[in-house]
Amino acid sequence: MRNYSLSKKHRLHKATEFQSIIRFRCTVSGDFLQFYVKPSSLDYPRLGLIVAKKLERHAVRRNRLKRLLREVFRMHQQELDKMDCVFRLQRSLTQIDSVRIRREAEMLILRLRMKQCRD
């Protein structure tokens with residue numbers, strides 16, 4: 001049986017990693033999400049998620065949003081080869097519409113691939 005989980009090596013953990021990606025300033029924005037990337041020296045992509053408690057008060061909703069974004073990343077990680085990526089919630093959600101969030105995240109990945117950010 002195949003394991004479709006996102007392993008720890010594919011996640012960003014340190015604040016300095018998040019800061020360097022955000023400072024690189026290669027980003028695209030949608031209605032609710034902002035997507036940052038930075039080229040990496042690793043052979044695989046990594047993901048970081050920023051979902052502020054100030055924007056989404058309920059932990060259940062924050063966690064659901066994170067699961068949705070991790071799933072989108074996992075499905076498109078071949079397209080993001082050798083990139084460090086961060087999804088950031090920009091605006092509060094009244095309710096989490098899974099289809100809308102998934103479409104926006106996929107659209108941001110596509111737009112960023114066309115933008116072609118380099119060192």
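This is a predicted model: local features need pLDDT of at least 70, side-chain atom pairs count only at pLDDT 80 or more; totals for chains, interfaces and linings use all residues.
Me: What makes one face of α3 the buried side?

Reply: Start with the buried residues, which in α3 are S98, I101, E104, A105, L108, I109 and L112. Looking down the helix axis, these residues fall within an arc of 135°, so they line one face of α3. The face turned away from them carries the exposed residues R103 and M114.

Me: What covers the buried residues of α3?

Reply: The cover includes β1 (27–29), β2, α2 and β4.

Me: Why is Q34 called buried?

Reply: The cut-off for buried is under 20% relative accessible area. Q34 has 17%, so Q34 counts as buried. This residue is in strand β2, and its contacts beyond four places in sequence are T27, V28, S29, V86, F87, R88, Q90 and L108.

Me: Which side chains make polar contacts with Q34?

Reply: Among them is S29, at 3.5 Å. Y36 is another, at 3.0 Å. S29 also stands opposite Q34 across the strand pairing.

Me: Why is K54 called exposed?

Reply: Exposed means over 50%, and K54 has 76% relative accessibility, so it belongs in that class. K54 lies in the loop between β3 (46–50) and α2 (59–75). In space, K54 is 9.8 Å from R91, C-alpha to C-alpha, although the two are 37 residues apart in sequence.

Me: What makes β2 and β3 largely enclosed by the rest of the structure?

Reply: Burial counts settle both cases. In β2, 5 of the 7 residues are buried, so this strand is largely enclosed. In β3, 4 of the 5 residues are buried, so β3 is largely enclosed too.

Me: How do you know that β1 and β2 pair, and in which sense?

Reply: Two strands pair if there are at least two bridges between them. β1 and β2 have 3 bridges in the antiparallel sense, and a hairpin of 3 residues joins β1 to β2.

Me: What about β4: which strands pair with it, and in which sense?

Reply: β2 and β4 pair in the antiparallel sense over 7 bridges, with M83 of β4 as the bridge partner of P39. β3 and β4, by contrast, pair in the parallel sense over 5 bridges. There, R46 stands opposite D84 in β4.

Me: Which residues of the largest nonpolar core touch the most other members?

Reply: They are F35 and F87, in a core of 28 residues. The elements that give two or more residues to this core are β2 (33–39), β3, α2, β4 (83–89) and α3 (98–115). A second, separate core has 5 residues, including L12, I21, Y36 and V86.

Me: Which residues does F87 touch, beyond four places in sequence?

Reply: F87 touches L33, Q34, F35, L47, G48, L49, I50, L69, A105, L108 and I109.

Definitions and conventions: Residues are numbered from 1 along each chain as its sequence is written. Side-chain values use heavy atoms; hydrogens and water are left out. Buried means under 20% relative accessible area, exposed over 50%, partly exposed in between (1.4 Å probe, protein chains only). A nonpolar core is a set of buried Ala, Val, Leu, Ile, Met, Phe, Trp, Tyr and Cys residues joined through side-chain atoms within 4.5 Å. Contact means heavy atoms within 4.5 Å. The arc is that of the directions from the helix axis to the C-beta atoms. A polar contact is a pair of N or O atoms within 3.5 Å; within protein, one must be able to donate a hydrogen and the other to accept it, and residues adjacent in sequence count only if both atoms are side-chain atoms.
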